[in-house]
Amino acid sequence: MTDLAARFRELWDEIAPVGRDADSGGYLRYALTEPELRLRDWFREQADRRGMPVAGDGNGNLFAWWGDPAAGDAVLTGSHFDSVPYGGAYDGPLGLVSAYLAVDELRAAGVTPVRPVVVAAFVEEEGARFGVPCLGSRLLTGEIDADRAAGLRDPAGVSFAEALGDRPAGADPALLGRFTAFVELHVEQGRALVDAGAPVAVASAIWPHGRWRFDLRGEGNHAGTTRMADRRDPMLTYAFTVLAANKEARLRGAHATVGRVAVEPNATNAIPSRVTGWLDARAAEPETLHGLVEAVRAKAAERARRDGTELTVTEESATPLVAFDGGLADRLAALLAAPVLPTGAGHDAGVLAAHLPTAMLFVRNPTGVSHSPAESATDADCAAGVTALARVLEELACH
């Protein structure tokens, strides 16, 4: 094990137990809950060790500054701590641990940045608690209204404003204007780097994607006494909708997933009165994504008419095609001699890309699995990621 890989493992082990479920090995690090708050404290402690002052933006995002916070043209890096339910260890936190280690590498080499380097921890990237992904970066950039964000509620009824301890501040053009570029390092959420035999890649684009809520209402009734012909069962409509989403996505070469459902009254011996399912849809082109969602909506509506149920479809979030700054991506790919690849996964980098030059680095995931305890990366590849990020920060902030 190299010295850098050993230092990565030492720092990684400080956060690895936080929020880990003992039975599944997955992580429950929902935004602004106790495990994620512990990691935010860790973030501040790491910044303090390095003499990097930390400031928040009033939206739950944290920024640790190496250099004068009042200076302009800062280079931003970082990621997020929160997880999906029972998610993997590396999705998000890898970018934060790597950012601090990259700062360490530059300092050890005697490099002094001419522009500030800023490590950011964004809040609620996954959207697993309050339903809107990349909520912190959307608030910072003004892509979501602060009042709407304040009223978002988790399954227990706690609002984002309550969890945050105040109404979110919303867009901060002055802070955003201090940044000249953003580079996010992230574990790869697929097997492209395994197939390429490379430890690190540069991202070219993020597929357009979004989340749509399908609310289906029927008539609750007794499972044993209600004739089949008399039923208005929204579960039937829901089941058909899931199958329709799968078929339409396959026909278009797109991705459709219904991974979350809520049922009322959720009793074994009762016909549901209401079923709510969430569709996650993604495609390489905006037109394909639009066609996919509209086809699923139309098929669900037709089935609802046949079942005697009512359908309401609500768009909860939508992210357009993100093509990362081509000049920056090419520059970094040449600097690192790294492959360039697209991704179907959303990131804070995808939100910030509309506002400043943005790039992403991916670190090889040998399993190719993400949003699962099987998500993985070797210490050697993580060290390679740190080295790559340090070279990128030196290129952008030190010349």
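Trainee: Contact here means heavy atoms within 4.5 Å. With that settled, which residues does L94 touch?

Mentor: This is a predicted model, so keep that in mind throughout. Leaving out residues up to four places away in sequence, L94 touches F8, W12, L185, H186, V187, V363 and C382.

Trainee: And which residues have the most contacts inside the largest nonpolar core?

Mentor: L94 again, along with W12, F43, Y90 and L361. That core has 61 residues, and helix α13, residues 379–397, gives the most to it, with 10 residues.

Trainee: How many residues are in the second core?

Mentor: The second core has 25 residues and is separate, with F122, F182, A201 and L356 among its members. As background, nonpolar side chains in soluble globular proteins tend to be buried together.

Trainee: Back to L94 for a moment. How many of the residues in α3 are buried?

Mentor: 12 of its 16, so α3 is mostly covered. The buried set includes L94 itself, together with P93, Y100 and L106.

Trainee: What span should helix α3 have, and how far apart are its end C-alpha atoms?

Mentor: At 1.5 Å a residue, the 16 residues of α3 (residues 93–108) should span 22 Å, and the end C-alpha atoms are 23 Å apart, so the two agree. Just after α3, G110 takes a positive phi of about 75°.

Trainee: Changing topic: what does the count of salt bridges come to?

Mentor: The count comes to 24. Side chains of opposite charge can pair when their charged atoms come close. One example is E36 with R40, where the closest N and O atoms are 3.9 Å apart. The cut-off is 4 Å, so at 3.9 Å this pair is counted.

Trainee: Where do E36 and R40 lie?

Mentor: Both are in helix α2, residues 34–49, and they sit four residues apart, about one turn of the helix.

Trainee: Are E36 and R40 buried or exposed?

Mentor: E36 is buried, and R40 is too. For D230 and R227, whose side chains meet at 2.7 Å, N to O, the picture is another one. D230 is partly exposed, with a relative accessible area of 38%. R227 counts as exposed because its relative accessibility is 58%, and the cut-off for exposed is over 50%.

Trainee: Which parts does the E395 and R331 pair tie together?

Mentor: E395 lies in helix α13 and R331 in helix α11 (residues 326–336), so the pair joins parts that are 64 residues apart in sequence. The closest N and O atoms of this salt bridge are 3.1 Å apart. E395 is partly exposed at 25% relative accessibility, and R331 is partly exposed at 41%.

Trainee: Which residues are linked in a network of salt bridges?

Mentor: R213, D215, R274 and E316 are linked that way.

Trainee: What does T141 touch, not counting residues up to four places away in sequence?

Mentor: T141 touches A171, L176, V351, L352 and H355. Although T141 and L176 are 35 residues apart along the chain, their C-alpha atoms are separated by 7.3 Å. The T141 side chain also reaches the backbone oxygen of R138, at 3.3 Å.

How values were computed. Residues numbered from 1 in each chain as written. Predicted model: local features only at pLDDT ≥ 70, side-chain atom pairs only at ≥ 80, totals over all residues. Heavy atoms only, no water. Core = buried A, V, L, I, M, F, W, Y, C linked by side-chain atoms within 4.5 Å. Buried < 20%, exposed > 50% of the residue type's maximum accessible area, 1.4 Å probe, protein only. Helix = DSSP H or I, 4+ residues; strand = E, 2+ residues; numbered from the N terminus. Polar contact = N/O pair within 3.5 Å; in protein donor to acceptor, adjacent residues only side chain to side chain. Expected span 1.5 Å × (residues − 1).
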